[in-house]
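Keep the structure open as you read.

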Amino acid sequence: MAKGNYKILTYGCQMNEHESEKLAGILTAKGYVPAEKKEDAGMIVLNTCCIRESAESRIIAHIGALKTLARKNPELVVIVCGCMSQQDGMEASLRQKFPFISIVLGTHNIDRLGEYLDEFLEGRKYLNRVVSGSGTITEGTPVLREANTNAWVNIMYGCNNFCSYCIVPYVRGRERSREARDILAEVSELAKSGKYKTMTLLGQNVNSYGKDLEQKISFAGLIRQAAEIAPNQTICFMTSHPKDFSDELIRTIAAVPNISKSIHLPVQSGSNAVLRAMNRGYTREDYITLTQKIFKSIPDAAITTDIIVGFPGETDEDYLQTEELVKLIQFNSAFIFMYSKRSGTVAAKLDGQIPIAVKRRRIHRLQEIQIQISRNKRGK
């Protein structure tokens, strides 16, 4: 097959966005060029998400819609990768439902896309390249960055927290940190390019960075060094876990001018009973104390958060405690979600599933409260 064009369809989080930049880098290095529309592409790559079953259902529908394109173009290469395909049994299900798929791989080996593509094109036989385990870290994967002012920089992969509602540790594996020297070399290269106003250090839980490395370095130590190497850029980070947000990190953010004062700090619930059921590892009181520390040291901090309403067993009183916490902390903004079952997680099996009408009532009320808080803060 002659070199042609490709279209990458990305679903989900910032980690997936950056991994799609790597997929694009691999394909570009092999001589392929991006297509504006999937209808014009000789290759379609779906980089998938499965954080919610609704997202997974939408992706499966999008794969199904490619059937028409595959009929029109028997040479069309369809590749499915990412979190959704990493789930147990998903590869077989995709193969059965969509025989036009060419390659399936998961989250641990996207750096080998070029190799798998060559293998497929040589024999034109379906390839299952989903691997188990937590994967290894590969440096030097080419990256075709989006033409904007922010550059994503992965600092770690995976998660050890096993929140009861979350599928991430099962599809991303356990925490693996990149070596600091590799991260800082990437930051230095990006700074020298002069293309970016911000760099965002990425991880499922950036506060855990370095705990698995032989040469120990904290996340606070890493972000301070990154800021020193890139003094003309703002260094951002996501996402933080409240239980691991250290005093050292607070002092570092406060002291270093070009570290962003915008802090995304998911609370998920204001109820201790719900936080225990979620396996979050902190209490309502812990979270309030942490935010008070942040505001004391960083008066201009902008704290944003994630909240889940309608978690199994959440009573009216539990919900009202979340409402009170939102009013107390005064988040700059909040991403508020209704709980939905995610197969493969502990929470999906819990008793006390909340009726959809109750969840809708709670989310609408909480959204209205947060919208007013956000308006008030913008008006200051």
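**Rings, cores and backbone**

Ring pairs join Tyr165, Phe311 and Tyr339 into a cluster. This is a predicted model. Within the cluster, look at Phe311 and Tyr339. Phe311 and Tyr339 are both buried.

How many aromatic pairs are there by the distance rule? The count comes to 7. One of them is formed by Phe219 and Phe237, edge-to-face, with 5.5 Å centre to centre and 70 degrees between the planes. Phe219 belongs to helix α9 (residues 219–229) and Phe237 to strand β11 (residues 234–238), so this pair ties together parts that are 18 residues apart in sequence. Phe219 has 3% relative accessibility, so it counts as buried. Phe237, at 4%, counts as buried too.

Now return to the cluster. Phe311 and Tyr339 also form an edge-to-face pair: 5.3 Å separates the centres, and the planes lie 70 degrees apart. The pair links distant parts of the chain, 28 residues apart. Phe311 sits in the loop between β13 (302–309) and α13 (316–329). Tyr339 sits in the loop between β14 (333–338) and α14 (356–378).

Next, the cores. The largest nonpolar core has 56 residues. Ile155, Tyr209, Phe219, Leu222, Phe237, Phe245 and Ile294 have the most contacts inside it. What does Phe219 touch, leaving out residues up to four places away in sequence? Its partners are Ile155, Leu201, Val206, Asn207, Tyr209, Phe237 and Leu249. A second, separate core has 27 residues, including Tyr11, Ile60, Ala70 and Val104.

Two arginines lie over ring faces. Arg52 lies over the face of Phe337, at 4.0 Å from the ring centre. Arg95 lies over the face of Tyr126, at 4.2 Å from the ring centre.

Finally, follow the backbone. Most residues other than glycine have a negative phi, and most peptide bonds are trans. Where does a cis peptide bond occur? It joins Met238 and Thr239, with omega about 0 degrees. Thr239 lies in the loop between β11 and α10 (247–255).

Phe162 is not a glycine, yet its phi is positive, near 50 degrees. Phe162 lies in the loop between β8 (156–157) and α7 (168–172). Its relative accessible area is 28%, so Phe162 is partly exposed. Gln330, also not a glycine, has a positive phi of about 60 degrees. Gln330 lies in the loop between α13 and β14.

Terms used:
Residues numbered from 1 in each chain as written. Predicted model: local features only at pLDDT ≥ 70, side-chain atom pairs only at ≥ 80, totals over all residues. Heavy atoms only, no water. Core = buried A, V, L, I, M, F, W, Y, C linked by side-chain atoms within 4.5 Å. Buried < 20%, exposed > 50% of the residue type's maximum accessible area, 1.4 Å probe, protein only. Contact = heavy atoms within 4.5 Å. Phe/Tyr/Trp six-rings, centres within 6.5 Å; stacked < 30°, edge-to-face > 60°. Helix = DSSP H or I, 4+ residues; strand = E, 2+ residues; numbered from the N terminus. Lys NZ or Arg CZ within 6 Å of the ring centre and 35° of its normal.
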